[in-house]
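Q: I've just opened this one and I'm new to it. Can you walk me through what's there?

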Amino acid sequence: MIFFVLIEASWGSVGSVQFIKGSAQVGETPLAKGDPLQEGDQISTAKESLIILKMNDRTTLTLGPESKIVIAKYSNQNEPRDNYIKHLQGKLRSLVERAT
């Protein structure tokens, strides 16, 4: 039974944490390199912190210190892209690669 739950959770992943300097969290839970990201996650960084997120469509999101985003909607499909990131606070940099 647990096996099926873990598989279902991995299908819902829209990306993962590629790099962290300092501290970052999803909701109240600390994030670590390699942690999966889901639709609806609210990600925030602490003072003097940085996080790089690699999305499944090869988009890279970088959040600077004291920043906050919500992954409002993110599709694992390459075409058409219909993704929404709510930028609530701080600095956000994105690098979007062409869909293949």
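Q: How many helices and strands are in the chain?
A: The chain has one helix and 10 strands. Helices here are DSSP runs of H or I with at least four residues, strands are runs of E with at least two, and both are numbered from the N terminus. From the N terminus on, the order is α-β-β-β-β-β-β-β-β-β-β.

Q: Is this a predicted model or something else, and what should I keep in mind?
A: It's a predicted model: local features need pLDDT of at least 70, side-chain atom pairs count only at pLDDT 80 or more, and totals for chains, interfaces and linings use all residues. Residues are numbered from 1 along each chain as its sequence is written, and side-chain values use heavy atoms, with hydrogens and water left out.

Q: OK, sheets. What's the strand order in the open sheet?
A: The order is S3-S2-S5-S8-S9, five strands with antiparallel pairing. Two strands count as paired if DSSP finds at least two bridges between them.

Q: Which strands stand at the edges?
A: Strand S3 (29-30) and strand S9 (84-89) do. Each has a single partner strand, so one side of each has no neighbour in the sheet.

Q: And how many bridges join S2 and S5?
A: Three bridges, in the antiparallel sense, between S2 (residues 24-26) and S5 (residues 42-45). Gln25 stands opposite Ser44 in S5.

Q: Which strands does S1 pair with?
A: S1 pairs with S4 (residues 36-38) over three antiparallel bridges, and Gly15 stands opposite Leu37 in S4. S1 also pairs with S6 in the antiparallel sense, over six bridges. There, Lys21 has Leu50 of S6 as its bridge partner.

Q: Switching to the inside. How many residues does the largest nonpolar core have?
A: It has 15 residues. A nonpolar core is a set of buried Ala, Val, Leu, Ile, Met, Phe, Trp, Tyr and Cys residues joined through side-chain atoms within 4.5 Å. The residues with the most contacts inside this core are Leu31, Leu37, Ile43, Ile51, Leu53, Met55 and Ile71.

Q: Which elements give two or more residues to that core?
A: Strand S1 (13-21), S2, strand S6 (50-55), strand S7 (60-63) and strand S8 (68-73). The largest share, three residues, comes from S6.

Q: What does Leu31 touch?
A: Leaving out residues up to four places away in sequence, Leu31 touches Val17, Ile20, Ala24, Gln25, Val26, Ile43 and Ile51. Contact means heavy atoms within 4.5 Å.

Q: What share of the chain is buried?
A: Of its 100 residues, 30% count as buried. Buried means under 20% relative accessible area, exposed means over 50%, and partly exposed is in between (1.4 Å probe, protein chains only).

Q: New topic: how many salt bridges does a search of the whole structure find?
A: Three. A salt bridge is a side-chain nitrogen of Lys or Arg within 4 Å of a carboxyl oxygen of Asp or Glu. Lys54, Arg58 and Glu97 are linked in a network of them.

Q: Which side chains meet in the salt bridge at 2.6 Å?
A: Those of Asp82 and Lys73, N to O. Asp82 is partly exposed at 30%, and Lys73 is partly exposed at 35%.

Q: Last one: is Asp57 buried or exposed?
A: Buried, at 4% relative accessibility. Asp57 lies in the loop between S6 and S7.
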